[in-house]
Each structure stands twice: as C-alpha cells, then as structure tokens.
Amino acid sequence: WYHLGRVRYQQGKVDAAIAAFQELLRRDPNDVKGHDNLGLCFEAKNQSDAALAEYRKAVALDGGTSTNNEQPYVNLGKLLTAMNQASDGLPLLEHAVQMAPQSASAHYELARAELSLGRLEPAKKDVEESVKLDQSNSASHYLLGRIYKRLGQSEQADAEFKLTEQLIRRQNASSGGMATGRR
C-alpha cells in the first residue's frame, strides 16, 4: 500500500494516494512513513490542519523507534515555517539535521526557518552546507543569494543568483523546456 500510495502521489493522483495511505494505516496504524506521506497528500490538497496532524503522528511514532527517519521532522518543520510558525518548526528542523547531517533538504529547510526568524549567520551556515551537499539545487543557491544580499555581501549574492539562473536553464533544457518544480 505504501508503494502504491507513492506512485499515485508522484502521478499527481492525490486522492488515490490518500486512499492507499489510509489503507496502509488501517492495516498498520503505527507506520511512520504512512503518516508522513499522508501528511504530504493533505498538504498537496491545501489541508494544512490535516497535514500537521499526520506529520505530528509520524514524529511521535518515530520517536519510539530504533531506526529514526528525519523526513517527518523536515516536513513538519517546513510546514510550520510556511505557516509563519518558524519558531515552532526550528527545533524540529534542528533535530532533523542532527539525525541526518548529510541531508541537503534538512539543512535547506533549517536555513529557511532561521532566515524567517532573522538568524542570518546560522541560516548562511546551513544553506552553505545544503549547497555543499547538493550543488545542483537551484533553490539552495537562490536562498544563499538572498542571505548574502541581506548580509551586504553583494558580489557573493550576484554570483549565487547567476548560478541559480544557469541551473534553472540547465534543468529546463534537460526537461524539454518544462520547469521541474522540485520544491
């Protein structure tokens, strides 16, 4: 049911994905990935309260396992930041980075939360780490440019913005001119 839900989600068939993840959770109510992915589905349907509830269940269940997964922490922290609750999302994202220091997306989302809280130096450090871990991610380069700009480092900001443009052009060329919408 998990894999069927992932396939349906990737196909943009969110209602079918929700049905698959709900069936998974009916069979195994403690499936961390099931709750996390159901949260993604609800978020895709702009049902933030339902997404928050599922992410919170995933985080709570993950805390009781021996093999932790940073993704529910990233997803919950990211959504809280998007809902102007970055101070609530920050500890979750910090925990995600501690769990998975090699996760470019965890560092990126932590940097976004830090930036929204006006913590420029920590945001710079985390987004630089994100760029180091995934040099082809245009969103990370753009965020780094924004932070450099706010820190008054105009030359570095301009270089990051130019690199962002190049990466987007490269992505568009490789996808036949269609934007990929990775984030």
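Buried means under 20% relative accessible area, with exposed over 50% and partly exposed in between (1.4 Å probe, protein chains only). The model is predicted, so local features need pLDDT of at least 70 and side-chain atom pairs count only at pLDDT 80 or more, while totals for chains, interfaces and linings use all residues. Residues are numbered from 1 along each chain as its sequence is written, and side-chain values use heavy atoms, with hydrogens and water left out.

**View 1. Helix α5 and its cover.** Helices (H or I, at least four residues) and strands (E, at least two) are DSSP runs, numbered from the N terminus. Nine of the 12 residues of α5 are buried, and the helix is mostly covered. These are Pro72, Tyr73, Val74, Asn75, Leu76, Gly77, Leu79, Leu80 and Thr81. Their cover includes α3 (32-44), α4, α6 and α7, where contact means heavy atoms within 4.5 Å. Asparagine 84, which follows α5, has a positive phi, near 60 degrees.

**View 2. Packing of α5 against α6.** Helix α5 (residues 71-82) and helix α6 (residues 86-99) pack at an angle of about 155 degrees, and their axes are 8 Å apart. The two helices are therefore roughly antiparallel. Axes are lines fitted to C-alpha atoms, for helices over the stretch in contact, and angles run from 0 to 180 degrees between N-to-C directions. Angles under 35 degrees count as roughly parallel, over 145 as roughly antiparallel, 65 to 115 as roughly perpendicular and the rest as oblique. Residues of α5 in the contact include Tyr73, Leu76 and Leu80, and those of α6 include Leu92, Leu93 and Met99.

**View 3. Buried residues of α6.** Ala86, Gly89, Leu90, Leu92, Leu93, Ala96 and Val97 of α6 are buried. Among the elements that cover them are α4 (48-62), α5 and α7 (104-116).

**View 4. Helix α7 beside α9.** The axes of α7 and helix α9 (residues 138-150) cross at roughly 30 degrees and come within 11 Å. α7 and α9 are therefore roughly parallel to each other. On the α7 side, Tyr108, Ala111, Arg112 and Leu115 make the contact; on the α9 side, Ala139, Ser140, Leu143, Arg146, Ile147 and Arg150 do.
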